[in-house]
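Below are some points on this model for your review. Please read them with the coordinates open.

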Amino acid sequence: GDYQDAMSDQHDVDWSLYHSRLSFSLNSKMISPREVIEAAIRTRDEHPERVSMSQLEGFVRQILGWREFVRGMYWSNMPGYPEKNELQHQTKLPSFYWDGNTHMRCVNKSVEQTIEYGYAHHIQRLMVLGNIANLLGINPYSVHEWFLSVYVDAIEWVEAPNVIGMALSADGGLIASKPYVSSGNYINKMSSYCKGCRYKPTIKTGENACPFNALYWDFLDRHRDHYGRNNRLAFAYKNLDRKPSSEMEAIRRYAEMLKQNADSL
């Protein structure tokens with residue numbers, strides 16, 4: 001629906017926002033995909049004023065389309081799929097993944113929710129926790145193990161393609177045609193996390209700069225051989241190429257410092 005990618009830390013808002021929380025029941029086979037789809041269609045037929053056709057289509061497409069695509073991709077690329085590391089990322093998993101102890105408010109809140117509920121919705125997993133892992137160059141297998149450890153719905157056939165493939169782009173493009181990385185600007189637009197955060201989403205380098213910013217431009221710069229000709233990233237690379245050499249040098253230095261000190265961000 002209209003708010004499926006929203007993120008909020010407001011306690012007067014349901015912690016799962018606009019998500020069904022059916023993933024554990026589906027992945028553990030307590031309920032069948034057919035049963036869920038038929039219930040959704042029936043609800044639309046009986047209450048068209050409550051459920052728009054676009055909402056129904058998106059919901060059904062995720063279960064009948066994406067979920068089955070992921071299942072097929074996992075089994076057709078096993079064994080060895082979880083060990084893929086196309087970008088050769090080797091940084092160790094920072095400690096904040098286990099305790100949420102970080103000044104990055106979006107990461108802090110997403111990890112705290114994960115610890116409390118064993119659940120975070122797809123944008124928290126993809127554009128916060130997966131995003132920062134990719135930008136920091138964390139070893140994909142360690143991220144994969146973390147996701148398996150903390151989420152109640154994380155059964156490997158569905159978890160590995162979404163983490164190794166979609167979130168980390170470690171499978172060479174088998175799952176997704178572009179890396180799902182972003183600067184702090186995206187998180188600021190899609191959430192309430194940036195309000196009150198120590199880091200500012202509009203600043204690229206320096207003590208108060210959002211780490212996502214320098215790390216994003218550094219990621220694109222480092223992986224130009226992989227993504228420089230990717231049409232879906234053409235606009236991003238045009239913006240990258242407009243940056244003065246002095247600015248890029250400052251971004252590279254600051255990003256390297258962030259990667260070296262990930263545990264204390």
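With which side chain does the side chain of Asp9 make a polar contact at 2.5 Å?

1. The model is predicted: local features need pLDDT of at least 70 and side-chain atom pairs count only at pLDDT 80 or more, while totals for chains, interfaces and linings use all residues. Residues are numbered from 1 along each chain as its sequence is written, and side-chain values use heavy atoms, with hydrogens and water left out.

2. The partner is Arg105, whose side chain makes a polar contact with that of Asp9 at 2.5 Å. A second polar contact, at 2.6 Å, joins the side chains of Asp9 and Ser192. (A polar contact is a pair of N or O atoms within 3.5 Å; within protein, one must be able to donate a hydrogen and the other to accept it, and residues adjacent in sequence count only if both atoms are side-chain atoms.)

3. Asp9 is placed in the segment before α1. Asp9 counts as buried because its relative accessibility is 13% (buried is under 20% relative accessible area, exposed over 50%, partly exposed in between; 1.4 Å probe, protein chains only). Beyond its neighbours within four places in sequence, Asp9 is in contact (heavy atoms within 4.5 Å) with Arg105, Lys109, Ser192 and Tyr193.

4. Cys106 belongs to helix α5, residues 105-117 (helices are DSSP runs of H or I, at least four residues, and strands are runs of E, at least two, numbered from the N terminus). Cys106 is buried, at 7% relative accessibility. The C-alpha atoms of Cys106 and Cys194 are separated by 7.0 Å, with the two residues 88 apart along the chain.
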